[in-house]
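Colleague: I am new to this protein and would like to know what the labels rest on. Please take me through them.

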Amino acid sequence: MRSGCAVVLVGGALAGAAGCGSGGERADQAVPTVARPSDINPVPRERVADGGALRWGIDDFPLQWNRNHVDGNLPEVELVTDALMPAPFRSDERAVVTPDPDYVTDAALTSTRPRQVVTLTLNPKARWSDGTPITWADYEAQWKALDGRGDGRRVASTTGYRDIKSVAQGRDDHQVVITFARPFADWRSLFTPLYPKGTNADPKAFDRSWLNALPVTAGPFKFGAFDPAARTVTIVRDPAWWGPPAKLDRIVFRAMPVGALPGAFAAGELDIADVGASAPAYSKAKNAPDARVRQAAGPDFRHFTFNGESPILSDPAVRRAVAMGIDRAAIARSDLAGLDWPGEPLDNHFFMPSQRGYRSNAGEIGRHDPAAARRLLEEAGWRLPVQAGGPALTAPAVRQKNGRPLRLTFLIPAGLQLGRSEGELAQAMLKEIGIELVLREVPGEDFFAKYVIPGDYDIAPFSYIGTPYPLSSSQGLYSDGVRAPGGRKHWNANLGRIGGAAIDAAIRKASRELDPAEARALVNRADALIWRQVNVLPLYQRPQNVAVRSGLANAGARGFHDLRYADIGFTK
């Protein structure tokens, strides 16, 4: 998600400030080569037919449509509201962010001293669907709603907003002057999406006015209808849209269980659906009539999270040994088998290989080196049991320390074959260095709420969904906990419960650096520190596999690319 970071069970990312001027970062800077950072069948508008309906499969039927509310911070809400709500900036396939001229005609970092000041010039044609102009007052109201002042609103995130000192009118109602109390490098991540002043000015409206409702919009489409029985949300072309008109008449989003989407697509009931990382689902969709499965490097990554409050994994040396005992490339090959996608180990916690700024910071921790792992365990006091009167046993005997066996639990959501396969592979790998990995299956609906979040696990596999703003969306995952009275730490979003003052200082410095090149360098320094602590062990960048009708244009597997919903349609 562009404005935050979420976790998903199956299959998380910096566009820094551009200096005192408008626009984004230079597009000619070197970026890593990666297969298909975006695959959306780009077609010029004149070759897209006018009219028609698009049937789009989603895997949830949301109730809360305010994306800034904690209950609305969902991929399905983003997918629908990206066609309806304003966003001052757009991301391209490489996560390079520039102003969206439909809403913002100029965005400038107009001062860095004594304070950071950003000036946005708004498109004067932009209006809410009730006819009200979009002005600086909408920006001010959203800042006040999300700045963390604690008025009871259940906000999804205060990141960046809490660093703002004031939001004021510029030369007229269509200019916004944002003054920061503290420098914030990812300032382009703010106000996406923007909600109207009436939503944000009142806590009750913030929490309730978007429940089962999309009352006010400002995009090429507007709200059409909900059908709870059919589990559909319909949006229709908005004739009041000031930009190029939407090609489609309507889009019908239909919710169904994620496992049912490939079958519904193959049966001709949907025109587009994410079929996930399941090889059978991929094959079923690929072989359907009039179908293509578009693939791109997704903004999310698969990983193992280590619990630093686990008695055994509280020792960083043991965590490093476990990481070095796991063959990440082998797990990637297994997970991605049958998907026609190369699986390469991911060596960064913030940047994806398809992003500018990606650098390998894994070092020795990221290499599969069982011999080095054994040495680390020996040095940490974990030794193989000795036969009476004979030499030490060799692996796969289980190591011990003070009579306690080196036994870990690997948490698996029930029914998730991907997680079980990963656990079985890791189990065999760690057995070779003297660690017994015990697979523990728990109900899928309880995986996070009752086990991962409370810390009742040793190792847990899942995925993080990233954004074009790697630091602001992900820093909470690696920040140190806050010690409460009584001595216990509260870790908030850091599910691994592993941090430290050095990591916090590095993240803080990076988040306040306004030069984009230096900011990327600082993020990578923070990443190197995180690798040494082994909080999250990245496995691989996950592909997006999106099944589409062969004639569908300007939609599919988008990667970091923000879709232009007005241009989506079927080729002539």
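Modeller: Start with what a helix is here: a DSSP run of H or I of at least four residues, with helices numbered from the N terminus. A428 lies in one of these, helix 10. Keep in mind that the whole model is predicted.

Colleague: Is A428 buried, partly exposed or exposed, and why?

Modeller: Buried means under 20% relative accessible area and exposed means over 50%, with partly exposed in between. A428 has 44% relative accessibility, so it counts as partly exposed. Its C-alpha atom is separated by 43 Å from that of L563, which is 135 residues apart from A428 along the chain.

Colleague: Which residues of helix 10 are buried?

Modeller: The buried residues of helix 10 are L418, G419, S421, E422, G423, A426, M429 and L430. As a general point, an α-helix has 3.6 residues a turn, so residues three or four places apart point the same way.

Colleague: How do you know what span to expect of helix 10?

Modeller: The expected span is 1.5 Å times one less than the number of residues. Helix 10 covers residues 417–431, which is 15 residues, so it should span 21 Å; its end C-alpha atoms are 21 Å apart, and the two values agree.

Colleague: What makes Y451 count as buried or exposed?

Modeller: Y451 is in helix 11, residues 447–452. The cut-off for buried is under 20%, and Y451 has 16% relative accessibility, so it counts as buried. The C-alpha atoms of Y451 and E309 are separated by 13 Å, although these residues are 142 residues apart along the chain.

Colleague: How do you know which strands pair with strand 6?

Modeller: Two strands pair if DSSP finds at least two bridges between them. Strand 5, residues 104–111, is joined to strand 6 by 6 bridges and runs antiparallel to it. D106 stands opposite T121 there. Strand 5 and strand 6 form a hairpin with 5 residues between them. Strand 8, residues 175–180, also pairs with strand 6 in the antiparallel sense, over 5 bridges; V176 in strand 8 is the bridge partner of L120.

Colleague: Why is strand 21 called largely enclosed?

Modeller: 14 of the 14 residues of strand 21, residues 536–549, are buried, so the rest of the structure largely encloses it. Strand 13, residues 291–306, is joined to strand 21 by 12 bridges and runs antiparallel to it, with T305 and V536 as bridge partners. Strand 12, residues 272–274, pairs with strand 21 over 3 bridges, also antiparallel; A273 has A547 as its bridge partner.

Colleague: What makes V534 and A95 worth a look?

Modeller: Most residues other than glycine have a negative phi, and most peptide bonds are trans. V534 has a positive phi, near 55 degrees, and is in the loop between helix 14 and strand 21. With a relative accessible area of 2%, V534 is buried. A95 has a positive phi of about 65 degrees and lies in the loop between strand 3 and strand 4. At 4% relative accessibility, A95 counts as buried too.

Colleague: Which peptide bonds are cis?

Modeller: Among them is the bond from R113 to P114, with omega near 0 degrees; P114 is in the loop between strand 5 and strand 6. The bond from T192 to P193 is also cis, with omega near -5 degrees, and P193 is in the loop between strand 8 and helix 3.

Terms used. Residues are numbered from 1 along each chain as its sequence is written. This is a predicted model: local features need pLDDT of at least 70, side-chain atom pairs count only at pLDDT 80 or more; totals for chains, interfaces and linings use all residues. Side-chain values use heavy atoms; hydrogens and water are left out. Helices (H or I, at least four residues) and strands (E, at least two) are DSSP runs, numbered from the N terminus. Buried means under 20% relative accessible area, exposed over 50%, partly exposed in between (1.4 Å probe, protein chains only).
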